[in-house]
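Here is a short tour of one protein model, stop by stop. Keep the structure open beside the text and find each residue as it comes up.

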Amino acid sequence: MSKKDKTGPESGVPVTTGLGSEPDLRQRAEARLAGQENPGMAAFMSEPTERLVHELRVHQIELELQNEELRRAHESLEASRARYFDLYDLAPVGYLTLGDADRIQEANLAAATLLGSSRDHLVDHPLTRFILPEDQDIYYNCRRELGSTGEPLSCELRLRRVEGHSIWGRLDISLALEERSDQPLWRVILIDITARKDGEQDLIDTRERLRRVAEIAELTFWEWDVSTNEVFFPPEWWRQTGYALGELPLRLGDWTALLHPEDRKRILDHLKHFVEAPGTPGEIQYRLRCKDGIYRWFVARLEAIRDARGVLARVLLVHQDVTRRKECEDQAVRLAQHDPLTGLPSRALLHQLADHMFASARRSGRQLAVLFVDLDKFKPINDLYGHQVGDQLLQAVARRLRDAFRAEDLVARVGGDEFVAVLANIRDGDDAARAAHTAIEALTPAHRIAGLELFSLPSIGISLFPRDGDSIDGLIQRADIAMYHAKQTCPGHYQFVTEELNQQARTTLTLESRLREGLKREEFRLVYQPVLDTKSGGVTGVEALLRWPLADGSEMAPLAFLPVAESSGLIHELGHWVFQEACRQHQTWRQNGLPPIRVAVNVSARQFHHQGFQQQLTAAARMAGVDPTALSLEVSEAALMQDPKASRQVLKELKQLGVLVALDDFGMGYYSLGELENLPLSRLEINRTLVQRLSVEGRMPAIVDAILCLGRALRLDITAVGIENEEDLESFRHRDCDQVQGFYLGVPMSGDHFTDWYREHSAVVQ
Ligand code: C2E
Ligand code: MG
């Protein structure tokens, strides 16, 4: 039976058709009929007929009305349907319907776009085809659960787009039992969550990286509420300190209680200061007692956190465990403070430790002794048997020295073969003498090294505190002078600082500072003494001699200040100035029309063996615009003797530069004649004192003839220095000596004076 059958107008039951209620329909039909009725027609009908006709008309109009309404409803449905499909397709989320075996039955445009395919290509394919194999379990589990509970479910998994690359998708799956199908249908809403997932992954990666950086850098943070004094520690704090969650400090006082007692006040002061002036960036270093009872070093950086009003509310402390760095630093300091070869304290540590000893001696009114120990003959052993043997000898000496003194005495190595001992608590000089004697005795027996029996006795200088000075530097310096004196006069023994030695030290110190000043104020001058060819009398060159004019109009002799310039190292600066000045003068003479006159410059031992020596020479020549060959050098035998091997090398290099080198004061030293033959020298100078013996003794000393003979044999020019009269000159002329120099021939004179002298002299000689 159809609905219509049950709900006719006769039934009198107002049934809803969905298009309008029956009474409403009838009324509207009646109303429409009333508008259409032709009253004239009724006059020809009986009343029943008229009613029937009327009913039929009403019914007919009702049908018309219903048809109209149905048409409108259909149109509206069509419009809704069109709107629905628009929405379905234009929806920003994908929508799929899955049928049997997860085959896609319907897909909206968004789903097709999401999967990178056309709608037609999706239909009939199982959805799993678009899920990455490794994520398919997620989907199946979800579906299984949905199958059993019927409750909608979501899952997040990676979808493989048709062209191959994958995206992250969220699937909201629900069951849709369709009336016309016995198979369950699944509705799947598909949302692209790649951006979110990437963001999440980035966040996870960034967090992980930060965590690892913090872990590697042993970095963490904590906060301190300055108004309540509460402190907040992150749980990671345990990693650094070992404290469990329940043991974390809650108030600032709990934290400061863990600080090393030596650091506590300093840190509290710093925090207080930071709160008062929070703008200043702060850093604190402290030791904190960790759970295992061990103090670890931390560095914390303080940052102010302000409230909305800009008032300091909390302090953020980003802190780092720097224990390992501190340990390395301490080790580096320890290493730097100890001599790696002997393990004895180095000079720096000697100063530190001696300062304590001096402070305590001052407090207790006791005396101290400083012993400067220098090994005799160490250098020849080192040169002869090599550095390995030399090192072992130094180690053995250090051991014996250490054992020779008491435990409270300080023994340090301060140079190659130099040691300093500071003796604590001595009663008088006798105690110090006894200790020095013990040390000498300890070093007397032979050292057996590498199958050799080596002997190296020490010379010891002794200074006393407070008698000879009250600083470690001063006392070491005086003990050094005493040691030097012992070495000169009685090697292998000790020597106390005497008043005379003290005076000498004071003079040296004063002279050293005056030299420094003099250099700064450019007080030095060069004078030039001519060197003549013995036969022709012509000028072969000049010797540059250093002068230091004093304020009172006198001059200080070079031999008075040169040793101090040497020992203080000022000779390098002074020597450099001499090179520059000699080059400048050479150039001036040339500009004044003189021929190129070779200037002989004296070079001290320390200068000659200094690394930058040749460079100094060439730089000075370059600066003056002259060739380095404008200079020649005079070096003493002693300078060459200091290190014959190195000397030979320097001489070779000078020869390559074209710089001639003369051996100064030959005949006074003890240079091995065999060695002399191997040296690239150009000239020998006969020492002035040998020449002067001629006048004193009335005859030429045999050594002078020997030197002349040797010079000829080695093809070296020979200059006799100190010719003071015609007789001297005649003697050397007679002996075919190549060159002569002396007051009789030309005194040392200024550069300007030499210009005039040269012109006059040349006129006479020609
Ligand atoms: P030296 O190299 O033997 O220089 C020659 C010295 O003999 C000069 O003494 C010179 O004035 C002096 N003399 C020359 N002829 C006679 C003479 O007929 N009679 C006497 N009694 N003396 C004569 P000066 O100028 O006092 O220099 C002394 C030493 O100082 C030089 O001895 C040299 O070794 C050193 N010296 C001078 N200037 C320099 C310099 O610029 N650098 C370095 N390192 N040493 C220098
Ligand atoms: Mg000379």
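## A cis bond at a proline

Start with Pro466. Pro466 sits in the loop between β16 (458-465) and α17. The peptide bond that joins Phe465 and Pro466 is cis. Its omega is about 5 degrees. Bear in mind throughout that this is a predicted model.

Helix α17 spans residues 472-489, and Ala479 is found in it. Is Ala479 buried or exposed? Ala479 is buried, because its relative accessible area is 0%, and buried means under 20%. Leaving aside neighbours within four places in sequence, Ala479 is in contact with Val370, Phe372, Gly461, Ile462, Ser463 and Val497. Take Phe372 from that list. Ala479 and Phe372 are 107 residues apart along the chain, yet their C-alpha atoms are separated by 5.4 Å.

## Two nonpolar cores

Now look for the nonpolar cores. The largest one has 75 residues. Which residues have the most contacts inside it? They are Leu633 and Phe732. Helix α20 (residues 571-591) gives this core its largest share, 8 residues.

Go back to Phe732 and its partners. Neighbours within four places in sequence are left aside here. Phe732 is in contact with Thr534, Ile686, Val691, Met700 and Val704, among others. Its contacts also include Ala720, Ile723, Cys737 and Val740.

## Around ligand 1

Next, find ligand 1. There are 24 residues around it. Which of them come nearest? Asn602, Asp664, Arg688, Glu724 and Phe743 do.

Some atom pairs can be picked out. A polar side-chain atom of Glu724 lies 2.6 Å from a nitrogen atom of ligand 1. Leu546 uses its backbone instead: a backbone N or O atom lies 3.0 Å from a nitrogen atom of ligand 1. Phe743 also takes part through its backbone, where a polar atom is 2.8 Å from an oxygen atom of ligand 1. How much of ligand 1 does the protein bury? Taken alone, ligand 1 exposes 790 Å², and the protein buries 86% of that.

A disulfide is a covalent bond between the sulfur atoms of two cysteines. How many disulfides does the structure hold? It holds 0.

Cys709 is in no disulfide. The nearest cysteine sulfur is that of Cys737, 13 Å away. Cys709 is partly exposed, with a relative accessible area of 48%. Cys583, in contrast, is buried, at 1%.

Glu223 is found in strand β6, which covers residues 219-225. Is Glu223 buried or exposed? Glu223 is buried, because its relative accessible area is 17% and the cut-off is under 20%. The side chain of Glu223 makes a polar contact with the side chain of Arg314, at 2.5 Å. Leaving aside neighbours within four places in sequence, Glu223 is in contact with Glu230, Val231, Phe232, Ile305, Arg314, Val315 and Leu316.

Val226 lies in the loop between β6 and β7 (231-232). Val226 is partly exposed, with a relative accessible area of 22%. Not counting residues up to four places away in sequence, Val226 touches Val275, Leu312, Ala313, Arg314 and Val315. The C-alpha atoms of Val226 and His610 are separated by 63 Å. Along the chain, these two are 384 residues apart.

## Two positive phi angles

Finish with two backbone angles. Ala101 is found in the loop between β1 (94-98) and β2 (104-107). Phi of Ala101 is near 55 degrees, a positive value in a residue other than glycine. Ala101 is partly exposed, with a relative accessible area of 49%.

Arg715 lies in the loop between α27 (702-713) and β25 (717-721). Phi of Arg715 is positive too, near 55 degrees. Is Arg715 buried or exposed? Arg715 is exposed, because its relative accessible area is 74% and exposed means over 50%.

Terms used:
Residues numbered from 1 in each chain as written. Chains lettered and ligands numbered in written order. Predicted model: local features only at pLDDT ≥ 70, side-chain atom pairs only at ≥ 80, totals over all residues. Heavy atoms only, no water. Core = buried A, V, L, I, M, F, W, Y, C linked by side-chain atoms within 4.5 Å. Buried < 20%, exposed > 50% of the residue type's maximum accessible area, 1.4 Å probe, protein only. Helix = DSSP H or I, 4+ residues; strand = E, 2+ residues; numbered from the N terminus. Contact = heavy atoms within 4.5 Å. Disulfide = S-S within 2.5 Å. Near = heavy atom within 4 Å. Polar contact = N/O pair within 3.5 Å; in protein donor to acceptor, adjacent residues only side chain to side chain. Areas by Shrake-Rupley, 256 points an atom, 1.4 Å probe, with all protein chains shown as cover.
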